[in-house]
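Subject: Structure handover

Hello,

Here is the structure I said I would pass on. My notes follow below it.

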Amino acid sequence: MSIKFKEVGYTYSPKTPYQYEALKDITVDIDEHKIVAVIGETGSGKSTLVQHINGLLIPMTGTVSINDFIIKANQKKIRDIKKIRKQIGLVFQFPEYQLFEETIERDIMFGPVNFGEKKDVARDLAKKYIKVVGLDKSYLPRSPFDLSGGQKRRVAIAGILALQGHTLILDEPTAGLDPDGEKELIKLFYDLNHKENKTIILVTHNMNHVLMVADEVIVLHNTKIYKKADPITIFRDQQLIAETGIEPPKVYSFLYKLEAAGFDTSKINARSTSELIEQLEQILAKNDKKK
Ligand SMILES: Nc1ncnc2c1ncn2[C@@H]1O[C@H](COP(=O)(O)OP(=O)(O)OP(=O)(O)O)[C@@H](O)[C@H]1O
Ligand SMILES: [Mg+2]
């Protein structure tokens, strides 16, 4: 499976006074079986970009291809779009608005049934995926509207997982959650990638998460791709940080200070504060030996 953007452009409300060019000349490959983070300032086009991946938005210039399936600019009707939507699930920026059924069970079953699964199978999927997202099956008969924000989000994610596609797009899935809730969800995405081999496309403002789990990072800036690289290359690039207005992860804010103080940080490749402490201790121990 491969997702390729070729010279994609997108303008909202074209030929009206509200016309707004949100994406320009986007050429990028999204690698399968990886965790790919999409980052950039607010309004840089992240949500617009990812909505092209499952045909929710149609490019106005260029093409988006998913394997042999090609979405061309301004294409009116996309044949077999359902197949793409089943394989590439999108959890919106505020997924709680995706919930609408009377019970959580029916909400999770909705997608699979809509894509042709028998009700019994869909019910089993609901049982399975409510657990995967960290809730138990006692929730199934309850109303989705009585849940906390974080729980609603888990139910919305369970509904997309129940489609059993190969790719999961998550637009700001942890925004507004408490730190424990954030950690649990990030671990869920990590496990879905590492244990079930799913491609995860994660739009987020949380750079600590990006550093922790992403294999690749796509940086959007002023409607364009600024850079695509692994997270360590991205966060080492202080010019990128300055130019794109991205707030670096905690580990890197600290590394920049160490560098400014003359400390050689070139051997450090920590992805979390605990890894950073470990690596710094090793460097300091070596320095002690040398003395
Ligand atoms: N329906 C719309 N009509 C007109 N302009 C829009 C619409 N949706 C988004 N835009 C504009 O397009 C630009 C890109 O929006 P987009 O939602 O893709 O940004 P984003 O990077 O996801 O931002 P955020 O981090 O705030 O979610 C923004 O300037 C936004 O105001
Ligand atoms: Mg957005």
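Predicted model: local features only at pLDDT ≥ 70, side-chain atom pairs only at ≥ 80, totals over all residues.

I start with the ligand site. Among the elements around ligand 1, α1 gives the largest share of the shell, with three residues.

The shell around ligand 1 holds 14 residues, of which Y12, T42, K46, S47 and T48 come nearest. Two elements give two or more residues to this shell: β2 (20-30) and α1 (46-50). By class, the shell has nine polar residues, four nonpolar ones and one charged one.

On the chain as a whole: there are 10 strands and 11 helices. The radius of gyration is 21 Å, which agrees with the value near 19 Å that a compact globule of 291 residues would have. Taken along the principal axes, the C-alpha atoms fill a box of roughly 70 × 50 × 35 Å. Buried residues account for 36% of the 291 residues. Of the contacts between residues at least 6 apart in sequence, 61% join residues at least 24 apart.

The chain is divided into domain 1 (31-50 + 78-246) and domain 2 (249-291). Their centres, taken over C-alpha atoms, are separated by 32 Å. Where the two meet, eight residues of domain 1 are in contact with eight residues of domain 2. On the domain 1 side, α7 (207-213) and α8 (231-236) each supply at least two of the touching residues. The largest share of that side, five residues, comes from α7. That side of domain 1 has six nonpolar residues, two polar residues and no charged residues.

One residue of α8 that I looked at separately is P231. P231 counts as buried because 23 other C-beta atoms lie within 10 Å, and the cut-off for a buried residue is 20 or more. Leaving aside neighbours within four places in sequence, P231 is in contact with V210, L211, A214 and V217. P231 and V213 are 18 residues apart in sequence, and their C-alpha atoms are 9.0 Å apart in space.

Next, the interior. In soluble globular proteins, nonpolar side chains tend to be buried together. The largest nonpolar core here has 68 residues, and the members that touch the most others are V38, I108, Y129, A158, I169, I201 and L202. Helix α5 (residues 149-161) gives the largest share of this core, six residues. The core lies between domain 1 and domain 2, because both give residues to it.

Y129, one of the core members listed above, touches I108, A158, L161 and A162 when residues up to four places away in sequence are not counted.

I108 also belongs to helix α3 (residues 104-114), where the buried residues are I104, E105, D107, I108, M109, G111 and P112. The buried residues of α3 pack against α4 (119-132) and α5. Just after α3, G116 has a positive phi of about 100°.

If you want one place to begin in the interior, I would take I108: I108 is among the core residues that touch the most other members, is buried in α3 and is touched by Y129. For the meeting of the domains, α7 is the element to open, with five residues on the domain 1 side.

Regards

Conventions: Residues numbered from 1 in each chain as written. Chains lettered and ligands numbered in written order. Near = placed C-beta within 6 Å. Helix = DSSP H or I, 4+ residues; strand = E, 2+ residues; numbered from the N terminus. Nonpolar A, V, L, I, M, F, W, Y, C, P; charged D, E, K, R; others polar. Core = buried A, V, L, I, M, F, W, Y, C linked by C-beta atoms within 7 Å. Buried ≥ 20, exposed ≤ 12 C-beta atoms within 10 Å, placed from the backbone. Domains from an automatic or database assignment. Contact = placed C-beta atoms within 7 Å. Rg over C-alpha atoms; globule rule 2.2 N^0.38 Å.
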